[in-house]
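The sequence and the structure come first.

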Amino acid sequence: MATKRRILVLGATSAIAERWCRLRAAAGDTLLLVARDGEKLTAIADDLKARGAGEVHTATEDLADTDGADGRFSGWVQTLGGVDIVFLAYGILGDQAEAQRDTDALLRGVQANFTSAIVWCELAARAFDLAGAGTLVGISSVAGDRGRRTNYAYGAAKAGLSTYLEGMAHRFAGTEITVVCVKPGFVATPMTAHIDGRDGPLWATPEQVAEDIEKAVEKKKPEIYTRWFWRFVMLIIRHLPRPIFNKMKI
Amino acid sequence: MSVRDDSGVLAWGRVHRGRHQVAEPATRGEVGAAVRETAAAGGTTLGHGLGRSYGDSGLNLGGGLVRTTGLDRLIAFDRETGLLRADAGVSLDAVLRVAVPTGWFVPVTPGTKFVTLGGAVANDVHGKNHHLAGSFGCHVSRFGLWRSDRGEIQCSVEDNADLFALTIGGLGLTGVITWVELRLERIASAMLDVENLPFDDLDGFFSLAERSESWPFTVAWVDTLARGAGLGRGIFSRGRWAQTGGLEPHRPGGPRLPVTPPGGLLNSVTVGAFNRLYRARPGARFHGRQHYDPFFYPLDRLRDWNRMYGPRGFYQWQCAVPVATMREATRTLLDTVAASGDASFLAVLKTFGDVPSPGVLSFPMPGATLALDFANRGQDTLSLLARLDRVVAEAGGRLYPAKDGRLPQAMFRAGFPRWTELEAARDPLLMSSFWRRMTEEA
């Protein structure tokens with residue numbers, strides 16, 4: 001891609017977002033990184049500059065908090081001087097058992113993974129609509145494809161996000177605006193550091209996922225599974241007959 | 001910081017393996033907590049990068065381990081001067097992908113690009129240009145070190161000079177290295193002009209080495225099964241950076257060895273066949289252009305090549321012997337290997353130069369170095385290595401701690417007489433399986 005792009009990254013400290021930003025930095029793009037952890041954000045910004053990014057701005061903010069969202073969003077776009085790509089990557093995995101017994105935890109998950117996320121998505125859509133072009137990339141999850149006992153609080157919020165992005169892609173079909181819903185399977189990131197067996201065959205590195213996303217953005221695909229085999233894994237899981245599904249501890 | 005109980009941490013030789021309490025800091029700011037918590041869980045702890053040390057120097061069996069691969073960010077890169085500062089967990093692979101397209105290369109590289117900057121400092125690694133450029137530490141201007149008694153400090157020739165000198169080659173024991181600043185080397189192209197020259201015996205090697213001193217990169221492969229008049233025959237390879245050819249970095253990936261072959265693939269029959277073919281193939285007389293990736297990193301093409309030796313693993317053994325004794329010692333070493341009938345697949349011979357390292361416990365010395373590897377066949381292999389050790393000791397040489405994982409204590413202490421300084425400067429929370437063996441009282 002020859003032209004330099006202006007990129008807003010929401011949840012820039014996520015391992016997937018960071019690896020994808022490295023690909024964009026090598027191409028000389030300008031980035032604005034938003035996340036809660038200011039120290040990590042600065043380290044990431046330095047890294048992206050060293051890798052060849054144009055300008056790298058940071059904003060230390062909690063994205064689950066949508067107070068004043070319109071003003072904050074337009075401020076970021078102003079800093080960038082316009083926006084070509086919005087990359088939404090933040091989210092919390094949460095703990096299913098905790099969500100079942102603690103209402104606040106349940107709502108925190110939905111607020112982070114769904115409610116706040118669609119607010120930023122809609123603000124991105126408005127900006128792109130005005131400009132007549134743009135790309136929105138949203139990191140959802142294969143967990144949203146079928147509710148399962150081990151993580152349906154997280155899965156339901158991600159299902160909502162997937163459907164929202166799907167609807168947006170439908171809305172902008174045939175225009176210069178692209179919406180990409182990314183459904184990663186198992187990714188070895190700090191978010192999954194507590195899980196054993198992360199070198200197994202179903203696990204991907206954040207670098208691999210970032211490269212898959214980059215290809216999907218280039219090809220303007222509305223939905224990708226990453227790694228690719230998750231499309232088939234989830235196809236099977238979605239179509240498992242209930243008597244079999246109910247016996248599974250997944 | 002979560003600390004995980006990992007029962008299967010492996011050294012690259014796959015002989016040494018075992019349980020560690022592991023933490024993976026995601027930022028330099030988390031290193032302190034990772035050290036404290038893994039040390040609390042395991043008694044002591046040790047920084048651990050990509051695990052390419054062959055033996056027990058990168059392990060702390062039964063103790064803690066701080067895996068630094070999450071510290072993978074660059075901090076600053078000046079494209080005008082080639083000065084690069086980066087987290088200690090950044091690999092040479094990652095450095096090259098950023099540096100090569102801008103006309104820079106790492107000043108010294110070992111035979112794999114899958115080592116971290118921290119590991120390169122801690123082992124003061126060397127490469128094909130040692131005879132002119134010295135070791136990795138010669139090109140490091142400063143680094144960050146997290147110590148349990150002082151927190152994160154900066155070390156250079158000016159600041160904390162004693163710790164600077166003891167950390168280069170200090171096997172990760174003076175503290176956990178958090179970041180490294182080094183001076184990269186200018187390149188006009190990612191290609192090298194390469195000449196491969198077969199030689200018929202050891203004298204052939206030494207005369208080629210002498211005549212090739214102006215070539216920045218030299219190394220030789222030796223056929224360890226050759227005996228008698230052909231003893232020490234092999235292929236000498238020399239290269240220099242080309243002035244044209246583009247700045248294309250290497251491509252990531254490469255095939256992996258999917259399983260560990262039960263009996264291993266490398267034995268005296270397969271290695272014997274390989275050696276004959278290797279020396280007879282057209283590439284043995286190759287003169288021409290080669291990309292840096294196959295030139296410096298032929299083994300990186302098959303990830304997990306270490307699994308070729310089968311489930312029992314292998315011993316990599318490497319010595320350095322001084323100029324005065326190098327010819328005689330190399331001959332005796334190769335004689336000993338050939339007489340044993342044991343085959344070494346990777347037998348690498350190179351002359352070291354006299355550029356001094358800033359490191360107190362740096363391995364290279366002016367003279368020659370021979371690296372061998374042997375499938376682990378238990379006692380037979382160990383007694384062969386002991387016979388090789390004796391030759392090195394008599395020649396006044398020493399062994400590379402990053403390698404075999406059974407380096408005898410007396411041999412280490414004789415080769416690195418200043419080891420007591422490292423022990424005195426060691427961070428009390430840090431320890432390795434290797435260092436435990438080297439310091440325990442008989």
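## Conventions

This is a predicted model, in which local features need pLDDT of at least 70 and side-chain atom pairs count only at pLDDT 80 or more, while totals for chains, interfaces and linings use all residues. Residues are numbered from 1 along each chain as its sequence is written, and chains are lettered from A and ligands numbered from 1 in the order in which they are written.

Helices (H or I, at least four residues) and strands (E, at least two) are DSSP runs, numbered from the N terminus.

## Strand β2(A)

In chain A, six of the six residues of strand β2 (residues 30-35) are buried (20 or more other C-beta atoms within 10 Å of the residue's own, with C-beta atoms placed from the backbone). One side carries Thr30(A), Leu32(A) and Val34(A), the other Leu31(A), Leu33(A) and Ala35(A).

β2(A) pairs (at least two DSSP bridges) in parallel with β1(A) (residues 6-10) through five bridges, and Leu8(A) lies opposite Leu32(A). Five bridges also link β2(A), again in parallel, to β3(A) (residues 56-60); here Leu33(A) has Thr58(A) as its bridge partner.

## Crossovers

Helix α1(A) (residues 15-26) forms a right-handed β-α-β unit with β1(A) and β2(A). Right-handed means that, with the strands pointing away from the viewer, the path from the first strand over the helix to the second runs clockwise. Helix α2(A) (residues 38-50) makes a right-handed unit with β2(A) and β3(A).

## Helix α5(A)

The 29 residues of α5(A) (residues 103-131) should span 42 Å at 1.5 Å a residue, and the end C-alpha atoms are 41 Å apart, which agrees. The expected span is 1.5 Å times one less than the number of residues.

A kink of about 50° is centred on Gln111(A), the bend being the angle between axes fitted to the seven residues ending there and the seven starting there. Just after α5(A), Gly132(A) has a positive phi of about 85°.

Notes
A residue is buried if 20 or more other C-beta atoms lie within 10 Å of its own, exposed if 12 or fewer, and partly exposed in between; C-beta atoms are placed from the backbone.
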